[in-house]
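Open the model in your viewer and keep the sequence panel beside it. We will go from stop to stop, selecting residues as we go.

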Amino acid sequence: MLKGHRTWIFEQKPVIISTGTVGGPFEANGAIPDDFDILHADLWLGQDSYEKAHKVLFEEACQKAMEKGGIQKDQVQFVLAGDLINQITPTSFASRTIGAPYFGLFGACSTSMEGLALGAYIVNTNGAKYLLTGASSHDTAVEKQFRYPTEYGGQKPPTAQWTVTGAGAALLSDSGDGPRVTSATIGRVIDMGLTDPFNMGGAMAPAAVDTIEAHLKERNVEPSYYDLIVTGDLGQIGQEVSIDLFKKHGIPIREEQYQDCGLMIYREGQPVLAGASGAGCSATVVYGHLLNRMKKGEFKRMLVVATGALLSPLSFQQNETIPCIAHAVSIEYVGEQ
């Protein structure tokens, strides 16, 4: 199952039998609203705090995935998920509602693929029949924690990104119809010495390239093996840095083959500066938009490389640099079996 130093090959090819995606009002006006199962018109979601609204996002994503998969919550054996808020409280409180055994994960914006990789490992080794994995974020909750409350009206530089208000969850099983998880390459923590919390894309790009390079080498495949290689939320700046690093490292990835979730979720004209970010970015784009395209036959193989900046308000206040990570998961779909 282990190939090379950090890549798992899943012989059983665990199946993503269903997904649930939930978004907020900004996402409803974005580029892919039809790929969300639920869209909310209000950032509060009927709650009295943004953190409580964040909790509801993940609850609804999991509930929708279970409904579409035709199972009840007592059939779910594990939940593997996380978010960006202190001590991942929105996800933990949502998992209290779900009631299944729970692994709380923190990989910042890489959490979606961290969860899918670990979930596939568990299913592949007969550790579970059904499990839920996913990630979420809420723009105003995250802004309040990592930068300034939106009411403050602080000016952002062009390198900044807009945090997605959304949640994506996948129901993973050892059998059934749907896209299959075939391998995963676990990222290393890469720190290039950047300190600007308003340039997450530039900080995370080297970690993404490091993981992609390791994945291709350890699987012994060319980039052309995949119809699509998609990063999590590097945005415009990070994608440009990645393309430069691909060339520098001699990795022959065609620019039209390489996309970024942070540049796919919002439409032109929305004030997102360098693109989207947040743990809910890759979770919603992959579990909604990209898997829907896959099921339509637009492509058969994709490598999803979710990227995360592992900083905290405390580390920033102590003048630390920004350590980053990226986890890669390959997903393949050849139609219903």
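Is Lys 247 buried or exposed? Lys 247 is exposed, with a relative accessible area of 59%. Here buried means under 20% relative accessible area, exposed means over 50%, and partly exposed is in between (1.4 Å probe, protein chains only).

Before moving on, note that this is a predicted model: local features need pLDDT of at least 70, side-chain atom pairs count only at pLDDT 80 or more, and totals for chains, interfaces and linings use all residues. Residues are numbered from 1 along each chain as its sequence is written, and side-chain values use heavy atoms, with hydrogens and water left out.

**Stop 1: salt bridges**

The term means a side-chain nitrogen of Lys or Arg within 4 Å of a carboxyl oxygen of Asp or Glu. Glu 255 is partly exposed, at 47% relative accessibility. The whole structure holds 12 salt bridges.

Next, select Glu 256 and Arg 254. This salt bridge spans 3.1 Å, N to O. Glu 256 is exposed at 58%, while Arg 254 is partly exposed at 41%. Then pick Arg 6, Arg 188 and Asp 210: salt bridges with shared partners join them into one network.

**Stop 2: Lys 129**

Select Lys 129 and Asp 174. Their side chains meet in a salt bridge of 3.0 Å, N to O. Asp 174 is in the loop between β9 (166-173) and β10 (180-185), and Lys 129 is in the loop between α4 (111-124) and β7, so the pair ties together parts 45 residues apart in sequence. Helices (H or I, at least four residues) and strands (E, at least two) are DSSP runs, numbered from the N terminus.

Lys 129 lies over the face of Tyr 130, 5.7 Å from the ring centre. The rule asks for NZ of Lys or CZ of Arg within 6 Å of the ring centre and within 35 degrees of the ring normal.

**Stop 3: aromatic pairs**

Select Phe 26 and Tyr 266. How is this aromatic pair arranged? The pair is edge-to-face, with 5.1 Å centre to centre and 65 degrees between the planes. Rings of Phe, Tyr and Trp (its six-membered ring) pair if their centres lie within 6.5 Å; planes under 30 degrees apart are stacked, over 60 edge-to-face, and the rest tilted. Phe 26 is in helix α1 (residues 25-28), and Tyr 266 is 240 residues away, in the loop between β12 (258-260) and β13 (276-277).

Compare Trp 44 and Tyr 50. They are stacked, at 4.1 Å centre to centre and 25 degrees between the planes. Trp 44 is partly exposed at 33%; Tyr 50 is buried at 13%.

**Stop 4: helix α3**

Select residues 89-98, helix α3. Its buried residues are Pro 90, Thr 91, Ala 94, Ser 95 and Ile 98. They cover an arc of only 130 degrees around the axis, so they are on the same side of α3. The arc is that of the directions from the helix axis to the C-beta atoms. These buried residues pack against α2 (50-69), β5 (78-82), β6 (102-104) and β7 (130-137), where contact means heavy atoms within 4.5 Å.

**Stop 5: His 327**

Finish in strand β15 (residues 324-332), at His 327. His 327 is buried, with a relative accessible area of 7%. Among the residues that His 327 touches are Ser 110, Met 113 and Thr 211.

Technical notes:
Lists of a residue's contacts leave out its neighbours within four places in sequence.
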